Amino acid sequence: MAPSHPINLEDRYAFLQKELARLEHAYYVLDAPLLPDIEYDRLYREMLEIESAHPEWISSDSLSQRVGGVALKEFDSVQHAVPMLSLNNAFEESELVAFDRRCREGLHSTHVDYAGELKFDGLAISLRYENGTLVRAATRGDGASGEDVTANIKTIRAIPLKLLGANIPAVLEVRGEVFMYLKDFQKMNHKAATLGEKEFANPRNAAAGSLRQLDSKITAKRPLSFFAYGLGALEPASWLPETHEQLLNAYVDFGLPVCPERRVLKSVEEILTFYKEIGAKRDSLPYDIDGVVYKVNSFTEQSKLGFVSRAPRFALAHKYPAQEALTTVLGIDVQVGRTGAITPVARLAPVEVGGVTVTNATLHNEDEVQRKDVRIGDTVSIRRAGDVIPEVVSVIKDRRPDNAIAFVMPTQCPVCRSHIERLVDEAVARCSGGLFCGAQRKQALIHFAHRRALDIEGLGEKIVDQLVDQNLVRTPADLYQLGFAALANLERMGEKSADNLIQAINKSRNTSLARFIFALGIRHVGETTAKDLANHYQSMHAVMEATLEDLLTVKDVGPVVADSIISFMQEAHNREVIEQLLASGMQLSVEEKTISAAVAGKTFVLTGTFPSLTRDEAKALLEKAGAKVAGSVSKKTDYVVAGADAGSKLTKAEELGVTVIGEAAMLELLK
């Protein structure tokens with residue numbers, strides 16, 4: 001027992017750190033709470049009070065650092081000291097038997113022990129501990145390098161910031177999986193639905209999306225969990241246990257969460273039994289898995305077997321088949337996505353697949369329907385893997401009735417009646433309604449208000465949802481007719497916020513022609529193309545009346561982009577919205593280029609934080625002077641402009657010998 005009355009405040013702080021770490025491990029890893037929540041909260045508040053009085057005592061492994069910090073602009077790249085390799089997959093028993101034979105032959109042995117564990121459906125992560133303290137966490141990436149997600153990983157309470165126990169190596173890279181328990185995922189999605197926020201498609205996407213948030217405070221609110229299962233860099237190498245099973249037991253002693261569903265398997269028969277047992281209870285597991293993994297248990301034997309290509313010879317992932325069932329296609333209609341994508345959907349006779357009743361299945365696109373020859377009345381095989389949208393796998397042709405009806409892609413959008421188009425070399429057909437289509441309305445408004453478009457500050461997704469759902473705004477032009485009363489009555493919108501939003505909308509009336517064109521959301525027309533169009537035509541009406549032949553004379557505008565612009569402008573709905581916007585008092589300026597001989601035609605890359613300019617401002621100055629601003633560094637880059645906290649782009653520039661300058665030198669070149 002720790003003393004109830006520490007000698008002084010510093011001792012009390014050290015006691016609280018150790019005690020709270022013990023309580024968190026019991027709660028989040030062992031699932032065995034030692035104290036009521038109210039008592040834990042009391043101790044945690046006491047620790048925060050001490051840290052408030054003595055911030056100099058706060059270290060990177062303090063439990064208070066789990067809440068998240070300042071939002072990042074981008075993730076830094078991390079080179080893995082030991083590559084994070086993928087595993088070869090097996091689907092049939094024969095492949096498993098062959099794997100065992102190769103291992104025995106490679107080791108010149110009649111018997112091999114394997115460590116059997118689960119293959120989680122999450123995101124692979126590497127945790128680097130130095131002298132027991134978590135110093136860095138990185139995603140798998142391409143196996144050789146990943147993204148630094150340390151700040152986000154620290155918010156996961158199942159991951160210790162400081163390892164417990166003794167005999168901890170100087171450097172230990174723990175490999176494992178970040179995932180969500182199904183109950184936590186369902187609770188999170190239910191909460192999102194209640195608040196009218198975006199729901200995630202499945203636990204894996206939720207885990208990956210949460211971990212890759214640039215703002216770790218958002219990650220801290222997501223119910224992420226972790227299981228350790230592997231090893232990366234290790235110093236000293238002599239610390240390594242004899243077997244993989246012993247390594248996982250050491251992880252447990254260090255306070256790292258390890259999945260209890262694991263076993264040492266001594267024969268092919270035991271391997272198959274393990275596979276079948278896990279498969280039988282797969283649906284009742286509290287998390288998603290898509291298979292099991294076998295690893296040669298002895299590290300000495302692993303070393304002897306080595307690697308082939310990008311996978312180890314000593315390990316194999318044994319995948320479970322996707323769950324399938326047969327049913328009948330009652331009809332085929334189309335759904336309109338938020339970007340106008342037209343997706344054929346099969347309406348099915350209800351069928352149970354993996355414990356869920358399925359009535360709809362995606363057919364992806366018109367080509368897929370034709371390739372599989374799916375017809376109304378057909379008997380089809382439906383596949384559902386986890387929470388992924390069910391899909392039609394194949395048609396049982398010998399059960400096709402004589403009156404089966406072939407699918408014909410409609411020519412008009414079922415929502416707004418606009419023309420459905422399919423551009424050359426694209427598989428997806430799209431509604432051309434754009435600014436007018438109800439299915440695309442919210443996405444069109446969010447894009448219109450984006451800071452790189454009309455830059456309407458305060459017009460975020462939640463406000464747009466309310467404006468559209470309450471039928472206050474149908475097109476971007478309606479934004480300029482909004483009154484104070486309508487905005488002030490929105491949920492979570494006070495008088496001050498309503499006034500600020502009206503001012504932001506009014507301010508957006510004065511913008512550039514390039515921003516206005518980009519804000520329209522014409523497919524394939526990005527910022528650069530919008531600027532080229534503005535420079536070429538000098539007015540919105542000139543763009544609206546441009547012919548295909550004329551558009552092809554614009555810099556970097558090819559047939560696909562030109563066709564997209566023509567199609568957009570041919571829709572009467574879109575032209576009407578543009579005219580309404582122009583009539584609302586839009587003042588569209590056209591920037592005159594002030595070509596600088598020192599930068600014209602040169603390629604620049606911007607990284608870090610500049611003393612007086614934002615990156616957008618620096619980019620605008622360079623482009624106005626005739627330079628090209630790229631997003632990544634290559635041998636073709638002429639200059640990298642680096643500010644404070646420059647990351648991987650600066651490193652890449654130094655490796656390639658690209659000239660690196662600061663903001664002051666850039667401004668001097670622009671003169």
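Let me begin with a definition: buried means under 20% relative accessible area, exposed over 50%, and partly exposed in between, with a 1.4 Å probe and protein chains only. The model is a predicted one, in which local features need pLDDT of at least 70, side-chain atom pairs count only at pLDDT 80 or more, and totals for chains, interfaces and linings use all residues. Residues are numbered from 1 along each chain as its sequence is written, and side-chain values use heavy atoms, with hydrogens and water left out.

Most residues other than glycine have a negative phi, and most peptide bonds are trans. Asparagine 167, however, has a positive phi, near 55°. At 60% relative accessibility, asparagine 167 counts as exposed. Glutamine 538 also has a positive phi, near 70°, and is partly exposed, its relative accessible area being 45%. As for the peptide bonds, the one from glutamate 235 to proline 236 is cis, with omega near -5°.

Now to a pair of helices; here helices are DSSP runs of H or I with at least four residues, numbered from the N terminus. How do the axes of α12 and α13 cross? Helix α12, residues 441–449, and helix α13, residues 461–469, have axes that come within 10 Å and cross at roughly 135°. The axes are lines fitted to C-alpha atoms over the stretch in contact, and angles run from 0 to 180 degrees between N-to-C directions. Thank you.

Technical notes:
Helices (H or I, at least four residues) and strands (E, at least two) are DSSP runs, numbered from the N terminus.
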